[in-house]
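Me: I am new to this protein and would like to learn how to read it. Please take me through its features one by one.

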Amino acid sequence: MKACIRLCLLTAALMALPLTAHAEWKPVEKVETYAISGQSGLELYRSIGENGPNVGITRAIAYTNFKLTWGVRDYKPRGKDCVLTAGNPKLIITYTLPSPSEPLPPALQKKWEVFIAGVSAHEKVHGASMIQMVHDIEAATDGLTVTDDPKCSKTRAEVVRRLDAISKTRIQGSRDFDRVEFGQGGNLQKLVFALVNGG
């Protein structure tokens, strides 16, 4: 199972996004849980496999999702040129994590706390990636001006090109991070082994 972030729709979502000037904004971060059961590490992990969030054809241990909206954007012709102006971004990041539905034996509770802290930290990296993505969008498009574009068609095409590049960079970064974390000797692999072994 892989903890992952919903990035498969990122390119299409970004292409529809309005863009923004640099402004003070903060993401909203929320945590949701799904119930698991078990009185051993192995039982808990099996329950994660049965109840974890569906991601494609598999279930994940945890899941980071986002919703990104913006204030009013505006492509404004200025003479023969086109300038992009916009409102502020609103980024909502939701972390979905497993949570035991009943009290755990003391020794298992300690192991669980280490496990869930590690999983939460992993998902926070995905959340930070989404925040950085918004900053990258701002940096790439703030005040974008395209000359000889009175209908703003070339400006829109340039925005799509830049957002596509940002999207691909974030998707690949997320995949690379998960590959290391779940790979041989990776942090999440170690967390799973520590939870399951001897539990």
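Me: How many helices and strands are there in the protein?

Reply: Helices (H or I, at least four residues) and strands (E, at least two) are DSSP runs, numbered from the N terminus. The protein has five helices and nine strands. Their order from the N terminus is β-α-β-α-β-β-β-β-β-β-α-β-α-α. This is a predicted model, where local features need pLDDT of at least 70, side-chain atom pairs count only at pLDDT 80 or more, and totals for chains, interfaces and linings use all residues. Residues are numbered from 1 along each chain as its sequence is written, and side-chain values use heavy atoms, with hydrogens and water left out.

Me: At what angle do helix 3 and helix 5 pack?

Reply: Axes are lines fitted to C-alpha atoms, for helices over the stretch in contact, and angles run from 0 to 180 degrees between N-to-C directions. Helix 3 (residues 106-141) packs on helix 5 at about 165°, with the axes 9 Å apart. Angles under 35 degrees count as roughly parallel, over 145 as roughly antiparallel, 65 to 115 as roughly perpendicular and the rest as oblique. Helix 3 and helix 5 are therefore roughly antiparallel.

Me: Which residues of helix 3 and helix 5 make the contact?

Reply: Contact means heavy atoms within 4.5 Å. Helix 3 brings Leu108, Lys111, Trp112, Val114, Phe115, Gly118, Val119 and His122. Helix 5 brings Leu188, Leu191, Val192, Ala194 and Leu195. By class, that is 10 nonpolar, two polar and one charged residues (Ala, Val, Leu, Ile, Met, Phe, Trp, Tyr, Cys and Pro count as nonpolar, Asp, Glu, Lys and Arg as charged, the others, Gly among them, as polar).

Me: How far apart are the axes of helix 2 and helix 5?

Reply: The axes of helix 2 (residues 41-51) and helix 5 (residues 187-196) are 7 Å apart, at an angle of about 130°. So helix 2 is oblique to helix 5. Gly41, Leu42, Leu44 and Tyr45 of helix 2 meet Val192, Leu195 and Val196 of helix 5. This contact has six nonpolar, one polar and no charged residues.

Me: Is Ser47 buried or exposed?

Reply: Buried means under 20% relative accessible area, exposed over 50%, partly exposed in between (1.4 Å probe, protein chains only). Ser47 lies in helix 2. Ser47 has a relative accessible area of 3%, so Ser47 is buried. Leaving aside neighbours within four places in sequence, Ser47 contacts Ile36, Ser37 and Gly52.

Me: What share of the protein's residues count as buried?

Reply: Of its 199 residues, 43% count as buried.
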